[in-house]
Amino acid sequence: MMMIEMNVEIIAQPCSPAHAINIWAAPSASSAIKGIDASAVATGRSPAVTPGSENARQPSGICAARTYCSDAQRTIRLSCPPDCYLVTLVLANAAMALANGRHRLLDGLVPPGTACVTGPGQSLLISPRGGCSLLHLAVPVELVDLPRSALRKFGSMVVRDPLLGTIGALLTEAPASWLHANADVLSQIALVRLLHLAPRHSPGCLTLWRLKRVHAFVDGHIDEPLRLADLAAAAGLSRMHFAAQFRAATGMRPHTFVVSRRIDRAKTLMATTDSTLVTVALEAGFQSQAHFCAIFKQQTGMTPSRWRRRHQPGWNHAPTVSSLQ
């Protein structure tokens with residue numbers, strides 16, 4: 001049976017007990033994955049490489065591992081085997097830096113659904129600045145069906161996609177019985193989605209420093225109307241070039257990014273303050289409470305009031321007509 005070995009090196013020692021790598025692989029595959037023994041990591045001893053379950057097989061050959069930690073200043077190097085690609089998917093908001101060799105891929109607050117691809121034989125450096133939760137998919141090279149000209153770009157691709165975020169959540173949070181039957185299908189869907197998003201004739205990605213400027217501009221003016229021209233000016237580009245390069249760098253349109261930041265701002269306000277929904281909507285940059293409620297339910301699947309009751313246990317205000325929207 002073919003074994004996919006993903007060498008994992010903890011660069012900063014010692015590691016705390018909250019920092020570990022949890023390995024799993026879905027049932028019924030032609031490959032297994034190797035990783036770090038969590039107890040060895042927790043005690044700071046030399047990590048022991050332990051094989052995945054002999055019965056952990058997937059017909060597709062895709063295998064998975066999960067990295068999670070709750071502290072900062074720990075750097076992990078993941079070395080990708082020469083016969084597969086490594087897809088790293090961010091499962092929750094996290095402040096971190098990701099680098100592929102000397103090339104910095106991301107640096108700052110990284111939202112869920114962000115995925116970066118590491119090419120065969122390359123290494124990924126993960127430097128969290130707090131808690132992080134990541135899912136890694138080891139994808140055999142023969143499954144990556146792209147033109148030769150696109151393979152190099154795919155091996156260093158970074159995208160953010162809501163569907164990938166949903167798939168990552170399912171792969172890590174679903175009941176074991178359901179996962180047993182569906183993990184391989186979900187892994188293949190994630191791969192197909194990535195291949196669909198892969199740049200073939202890329203206009204060029206927005207550089208990291210321009211991307212940081214856009215992030216800072218949006219967060220600093222989140223309660224104001226934000227036009228494409230405003231974001232392009234913050235990046236120092238024309239609207240046409242900015243829109244194309246932003247989508248190539250993030251996998252989303254600028255408008256989609258702005259809406260996601262407004263939703264994140266609204267969630268923070270609802271979880272940490274007693275502000276009314278009208279105030280939350282305006283401070284997050286929505287036109288009205290009705291507009292906010294409609295977009296929030298569309299993005300999260302629940303009303304703002306329901307979300308607030310779930311994430312702010314002490315919230316027991318009597319419901320009003322407006323809060324039920």
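I take buried as under 20% relative accessible area, exposed as over 50% and partly exposed as in between, with a 1.4 Å probe and protein chains only.

I am working on a predicted model, where local features need pLDDT of at least 70, side-chain atom pairs count only at pLDDT 80 or more, and totals for chains, interfaces and linings use all residues. Residues are numbered from 1 along each chain as its sequence is written, and side-chain values use heavy atoms, with hydrogens and water left out.

**Overall.** I looked up the secondary structure and found 11 helices and 14 strands. These are DSSP runs numbered from the N terminus: H or I of at least four residues for helices, E of at least two for strands. Of the 325 residues, 46% count as buried. I then checked contacts (heavy atoms within 4.5 Å). Among those between residues at least 6 apart in sequence, 74% join residues at least 24 apart.

**Ser 133.** I found this residue in strand β13. Ser 133 counts as buried because its relative accessibility is 10%. Leaving aside neighbours within four places in sequence, Ser 133 contacts Arg 66, Thr 67, Tyr 68, Leu 89, Val 90, Leu 91 and Ala 92.

**Cores.** I use nonpolar core for a set of buried Ala, Val, Leu, Ile, Met, Phe, Trp, Tyr and Cys residues joined through side-chain atoms within 4.5 Å. The largest one has 28 residues, and Leu 137, Phe 154 and Leu 194 have the most contacts inside it. At least two residues of this core come from each of β8 (84-90), β11 (114-118), β13 (132-140), α2 (148-154), α3 (162-173) and α4 (176-197). The largest share, seven residues, is from α4.

**α8 and α11.** I looked at how helix α8 (residues 254-272) packs on helix α11 (residues 304-311): the angle is about 55° and the axes are 9 Å apart. Axes are lines fitted to C-alpha atoms, for helices over the stretch in contact, and angles run from 0 to 180 degrees between N-to-C directions. Therefore α8 is oblique to α11; under 35 degrees is roughly parallel, over 145 roughly antiparallel, 65 to 115 roughly perpendicular, and the rest oblique. Lys 267, Leu 269, Met 270 and Ala 271 of α8 meet Pro 304, Trp 307, Arg 308 and His 311 of α11.
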